[in-house]
Protein chains: 2
Amino acid sequence: MAEYSISQLSKEFDVTTRTIRHYEELGLIKPARRGQTRVYSPSDRTRLRLILRGKRLGLSLENSREIIDMYEPGKTNVEQLKKLINAIQAQRIKLNQQLDDISNLLTDLNQAEADCIDALKSTGQH
Amino acid sequence: MAEYSISQLSKEFDVTTRTIRHYEELGLIKPARRGQTRVYSPSDRTRLRLILRGKRLGLSLENSREIIDMYEPGKTNVEQLKKLINAIQAQRIKLNQQLDDISNLLTDLNQAEADCIDALKSTGQH
DNA sequence: GCACTACTTTACGTTAACGTAAACGTCAGT
DNA sequence: ACTGACGTTTACGTTAACGTAAAGTAGTGC
């Protein structure tokens, strides 16, 4: 019914509730409240997903906030938009660098694995 | 002549000398010494490159050390080799996840940028 | 009514990855 | 002999991203 508790999200994404509250302290998520209890909307859930994706990519939470905020039009200020486009471009460059890194690392891993397998073979064992 | 000073490497890779020494404290690089001065070989330089690549991918230094150590045959112990192959496989899974993340993020960025440009157009400005 | 469970706030603790400062050695140039 | 430029060690400081413990609230089952 498009509504989540903190422990539900915590289980779904395998993070502690402390972590989720921490993101709120930093202003990354702003769940509604029923009484004093946090109530998360699908949109809140999406933000959490994006934050965690950012983490997997090695972004800081501050960095993730900026990126996530790009998706929300909000400020229709021209200068703001131009800044955003620049930020997007910068981010794209970083990501392409990461793609390159990953590609190289994968190649290296293949090589390392092949070496391992060779070494295993030469021991006569399996 | 296949030999580098700490400041040379620091400039080449745009990190501080403190950072390079820190990696040595953690046992990630073991440069030779001329007197008490550090002397880096091409192999040391490569290790540094790999560490920094790991950083860009969001790996911990500890994590990077493990990966880098995969490249050096060294232990021809069968169990060791099998453990390495497993580690490599795990790493590969993480990297493929990252590839997915990046691909998604790039798509999102394209969308965000398109939205920005649309917003700019509608203001009549350029 | 009482235990249980899930939620809350407050606040100090911890770890990784360096930053930064102090105090010193060594060699090249003037 | 003095001044930089570059190197060294030692050691405390800092920031991000939570962990962890304490103490309280609020509904649910029996």
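In this predicted model, at least two residues of the surface near DNA strand C are supplied by each of α1 (6-13), α2 and β2 (37-39) of chain A and by each of α2 and α4 of chain B. Here helices (H or I, at least four residues) and strands (E, at least two) are DSSP runs, numbered from the N terminus, and a residue is near a molecule or strand if its C-beta atom, placed from the backbone, lies within 6 Å of it. With 3 residues, α2(B) gives the most to this surface near DNA strand C. There are 16 residues around DNA strand C, and those that come nearest are A:S5, A:S7, A:R38, B:S60 and B:L61. By class, the surface near DNA strand C divides into 2 nonpolar, 9 polar and 5 charged residues. In this division Ala, Val, Leu, Ile, Met, Phe, Trp, Tyr, Cys and Pro count as nonpolar, Asp, Glu, Lys and Arg as charged, and the others, Gly among them, as polar.

Residues are numbered from 1 along each chain as its sequence is written, while chains are lettered from A and ligands numbered from 1 in the order in which they are written. Because the model is predicted, local features need pLDDT of at least 70 and side-chain atom pairs count only at pLDDT 80 or more, whereas totals for chains, interfaces and linings use all residues.

For DNA strand D the largest share, 3 residues, comes from α2(A). The surface near DNA strand D holds 2 nonpolar, 10 polar and 5 charged residues.

Chain A has 5 helices and 2 strands, and along the sequence they follow the pattern α-α-β-β-α-α-α. Of the 126 residues in chain A, 21% are buried; a residue is buried if 20 or more other C-beta atoms lie within 10 Å of its own, exposed if 12 or fewer, and partly exposed in between, with C-beta atoms placed from the backbone. Among the contacts in chain A with a separation of 6 or more, 37% join residues 24 or more positions apart. Two residues are in contact if their C-beta atoms, placed from the backbone, lie within 7 Å.

The two protein chains can be compared directly. Chain B superposes on chain A by a rotation of 180 degrees with 0.0 Å of shift along its axis, at an RMSD of 0.1 Å. This is the relation of a two-fold axis. In chain B, the C-alpha of B:G58 is the nearest to the axis, 2.1 Å from it. The superposition is by least squares on the C-alpha atoms of residues with pLDDT of at least 70 in both copies.

Where the chains meet, 33 residues of chain B are in contact with 33 residues of chain A. On the chain B side, α3, α4 (61-71) and α5 (78-122) each give two or more residues, and the largest share, 23 residues, comes from α5(B). This side of chain B has 19 nonpolar, 7 polar and 7 charged residues. The copies meet through the same surface, because 100% of the interface residues of chain B are also interface residues in chain A.

One residue of α5 in chain B is B:Q91, which counts as buried because it has 20 C-beta neighbours inside 10 Å. Leaving aside residues up to four places away in sequence, B:Q91 touches A:L109 and B:I67. The C-alpha atoms of B:Q91 and B:V15 are separated by 26 Å, and these residues are 76 apart along the chain.

Helix α3 (residues 42-56) of chain B has 15 residues and reaches 21 Å from its first C-alpha to its last, close to the 21 Å expected at 1.5 Å a residue; the expected span is 1.5 Å times one less than the number of residues. Buried residues in α3(B) include B:R47, B:L48 and B:I51. After α3(B) comes B:G58, with a positive phi near 80 degrees.

Most residues other than glycine have a negative phi. A:D14, in the loop between α1 and α2 of chain A, has a positive phi near 55 degrees.
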